[in-house]
2 protein chains.
Amino acid sequence: MSVRMRGFAEYMKLDKAQRIVLSNVRTLGAEALPFQDVLGRVLAENVRSAVDAPPFDRSSVDGYAVKAADTFGASGSSPKKLRLIGAVAIGTKPKVSIKKGTAVKIMTGAPLPKGADASVMVENTRARGKFIEVLSPVTPGKNVGKRGEDIVAGELVFKKGKVIRPQEVGMLALTQNLRVNVFRRPRVAILATGSELRKPGSKLKFGEITDSNSYALSAAVTSQGCVADVLGTVPDDKKKLRQAISSALGDDMVFVSGGASVGELDLVPDTISDMGKVLFHGVALRPGGPTAFGFIRRKPVFSLPGFPVAVLMAFHFLARPALLAMQGLPADYGRRCVRAKLSGDVSSTLGRADVARVKLSVENGKLLAEPVMVLGSGILSSMTRADGLVVVPEDVEGFSKGQDVEVELL
Amino acid sequence: MSVRMRGFAEYMKLDKAQRIVLSNVRTLGAEALPFQDVLGRVLAENVRSAVDAPPFDRSSVDGYAVKAADTFGASGSSPKKLRLIGAVAIGTKPKVSIKKGTAVKIMTGAPLPKGADASVMVENTRARGKFIEVLSPVTPGKNVGKRGEDIVAGELVFKKGKVIRPQEVGMLALTQNLRVNVFRRPRVAILATGSELRKPGSKLKFGEITDSNSYALSAAVTSQGCVADVLGTVPDDKKKLRQAISSALGDDMVFVSGGASVGELDLVPDTISDMGKVLFHGVALRPGGPTAFGFIRRKPVFSLPGFPVAVLMAFHFLARPALLAMQGLPADYGRRCVRAKLSGDVSSTLGRADVARVKLSVENGKLLAEPVMVLGSGILSSMTRADGLVVVPEDVEGFSKGQDVEVELL
């Protein structure tokens, strides 16, 4: 039954709403991409090494390749003298080999010549024409990078689900994994409904306002590594809304901001219900309560509040975890929290998660969180002044000045 | 004097090297971009609002616009009856105005009609045909968003230096700032030197290895919001190196990995010195010591170590702060730290900052940091296994198992 012009009978608890969202979205299919292009992506397959790395025993220092035994007992006052019989060129097979009492000049990364089992750092030697003096002993294997010590051919490099950071990109190069399968990034259709909405830059007539939600949401979607598809504004008209949502279903998820509450013109949840199924409408979250979530033709659809703060909160607490999960990322990926002392009270209502915006500052080496004074969830500047969020859980009546709280950084 | 085949006479302390880098780079020029495209960028100008937001007094609830005085004393048992004289259409100038004893249906966001000074939520009313019953009083101004309460025309929206998040993108839309000046993002030329290096995917001959540094660095540069320009590999040849660096100077910064140490083939610091000026070479950091920083024709140039772990550490601790500063961001932007208990010892050498890679896990609700066992800075998989870094400062000899330490997340 529609809640329009009746009010919400009850609000769903935030954690339950989050569970419903997460249990109803899944990773999208995989796509094969060049290894250079997968930063921030999640592997959709196990990846194995095609090669040994390093591919040969090599010196890990600049100095001299030796037989370790020839250096035993060496010291500054009693150096060991070795005959210098050549040098190893880097990048090619060594042409010399080491016999007892000899040494070969070698650079970092060059292959160890036959017969050698260690390298002596140049700093621990003295050049003496056709000889070198070794001033400090080395053990067998010292300063040598063994073939395959990083990884061997056939070995598992990364498991499915691994998030690719710069070092993983390097490792994919090193193990000759030139293309890898990663989860596709969700493409999110963004609609804003409201007959009063105009595109930014439009000359506004009385009663009209600028659509800012489409762009804040687009940036929010982008900030989570997804692709935003801004489709523009739709008037408060059931037929036009239906058409707009229909044409958005080619994307992986649909956001509609506005029209999500209990007014006569709040047509979005009913439209989702008509076209598909609504799983919840109304969340015990403030700002952000008038949020609905459902499916139309298997595509997840969020009906988000129209107020600019509320829409970002609903995104943050409900839509964002879904977007992360669809990429194969943990729902708390990228979450950054600090502990801070409240410099003012934060009030709340039992049974509802209230979100306070706070500004952070440092006083006497201690982090302070100052609640941003807020008139309503229509005040977008309360979000641009905020450094972080403090969530007052449903079973807590508020936090007091001086209390230590967790602040999620924005 | 060159340090080649002599060894470093002394290493510069890490914090001094960082200060030298930061005091020698500055923000790049500004570029004007559409507001939709500035997420993560830094404003290079003060931004003012072109309009009042909201542009008119509006209802912030769905319900009825009233004169507040008409509702005083209302309750469920003793409702106040008001005559319903019409409705305000959203997006246009109201055609009705309110007189004593009357109410007008209004939706969230619609302009308040003349004569009204408050809105009553629909949940606090009962419809009675041509009348409504108000069940709870409102004070003047209640449930009304006043014109300009978010921001007024001419008001400062953001100061120069503000980092643009999704809410700032929304605010730029709302205040009709369609194009803004942001600092340019550095474009970083990336070269890898070493005659043994081959492009990923090449069939390797004995003595050759795959260049992974160019791609790890490229991803690292991208991860900091900059543009990577991978220029490929250069053999250990002074003339070719000089040519390659010359042709890289069209970018804003140059990275050369490899050839940074004290071997005969470590030509990069001397080449920078020949072409420009080296400010330091050799940092008391491990991995990452053989790093040099200088300028050629006013372009900052980093000579980074060739070992794949060392190059990422030198990037992280020395080049990354520079890239952030050049964009107008604080040098610690995006840094995420947690406290964790070490599950093993981390040894270090006095006088040098040693960086241990750690894996994080949760045991009995407590975060544990397990040092990744490492053979050398050539083992890239030690970085891909790590969740974070623990820095043992220069004046500390190491951390013991059980100690609480700060872990910087990777």
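**Close-ups of a two-chain predicted model**

**Strand S5(A) and strand S6 (residues 102–106) of chain A run parallel, joined by three bridges.** In this pairing, Ala87(A) has Lys105(A) of S6(A) as its bridge partner. S5 (residues 80–87) of chain A also pairs with strand S9 (residues 131–134) of chain A, this time in the antiparallel sense and over four bridges. There, Lys80(A) sits opposite Val134(A) of S9(A). Two strands count as paired if DSSP finds at least two bridges between them. Strands (E, at least two residues) and helices (H or I, at least four) are DSSP runs, numbered from the N terminus.

A quick note before the next view: this is a predicted model, so local features need pLDDT of at least 70 and side-chain atom pairs count only at pLDDT 80 or more, while totals for chains, interfaces and linings use all residues. Residues are numbered from 1 along each chain as its sequence is written, and chains are lettered from A and ligands numbered from 1 in the order in which they are written.

**Over in chain B, six strands make an open sheet with mixed pairing.** Reading across it, the order is S7-S4-S6-S5-S9-S8. Which strands sit at the edges? They are S7 (118–121) and S8 (125–128) of chain B, each of which pairs on one side only. Further in, S4 (residues 63–66) of chain B pairs with S6 (residues 102–106) of chain B in the antiparallel sense, over three bridges. Look for Tyr64(B), which faces Lys105(B) of S6(B).

**Strand S13 (residues 187–193) of chain A is largely enclosed by the rest of the structure, because six of its seven residues are buried.** A residue is buried if 20 or more other C-beta atoms lie within 10 Å of its own, exposed if 12 or fewer, and partly exposed in between, with C-beta atoms placed from the backbone. S13(A) runs parallel to strand S16 (residues 227–234) of chain A, and seven bridges join the two.

**Phe255(A) and Phe255(B) have the most contacts inside the largest nonpolar core, which has 246 residues.** Such a core is a set of buried Ala, Val, Leu, Ile, Met, Phe, Trp, Tyr and Cys residues joined through C-beta atoms within 7 Å. Who does Phe255(A) touch, leaving aside its neighbours within four places in sequence? Its contacts are Val188(A), Ala189(A), Ile190(A), Leu191(A), Leu217(A), Phe302(A), Leu304(A) and Ala319(A). A contact here means two C-beta atoms, placed from the backbone, within 7 Å. In soluble globular proteins, nonpolar side chains tend to be buried together.

**Helix H2 (residues 166–174) of chain B is mostly covered, with nine of its nine residues buried.** Among the buried residues are Val169(B), Met171(B) and Leu172(B). What does the covering? After H2(B) comes Gln176(B), in the loop between H2 and S12 of chain B. Gln176(B) isn't a glycine, yet has a positive phi of about 60°. It counts as partly exposed, because it has 18 C-beta neighbours inside 10 Å.

Most residues other than glycine have a negative phi, and most peptide bonds are trans. The bond from Ala53(A) to Pro54(A) is cis, with omega near -10°, and Pro54(A) belongs to the loop between strands S2 (47–48) and S3 (58–59) of chain A. Chain B has a cis bond joining Ala53(B) and Pro54(B), with omega about -5°. Arg298(A) has a positive phi near 65° and lies in the loop between strands S20 (292–296) and S21 (299–304) of chain A. Is Arg298(A) buried or exposed? It counts as exposed, because it has 7 C-beta neighbours inside 10 Å.

**Zooming back out, the C-alpha atoms of chain A fill a box of roughly 95 × 50 × 40 Å along the principal axes.** Of its 410 residues, 52% count as buried. Chain A has seven helices and 28 strands. Its domain assignment gives domain 1 (14–28 + 185–326), domain 2 (30–53 + 149–183), domain 3 (58–145) and domain 4 (337–409); these bounds come from an automatic or database assignment. The C-alpha centres of domain 1 and domain 3 of chain A are 68 Å apart.
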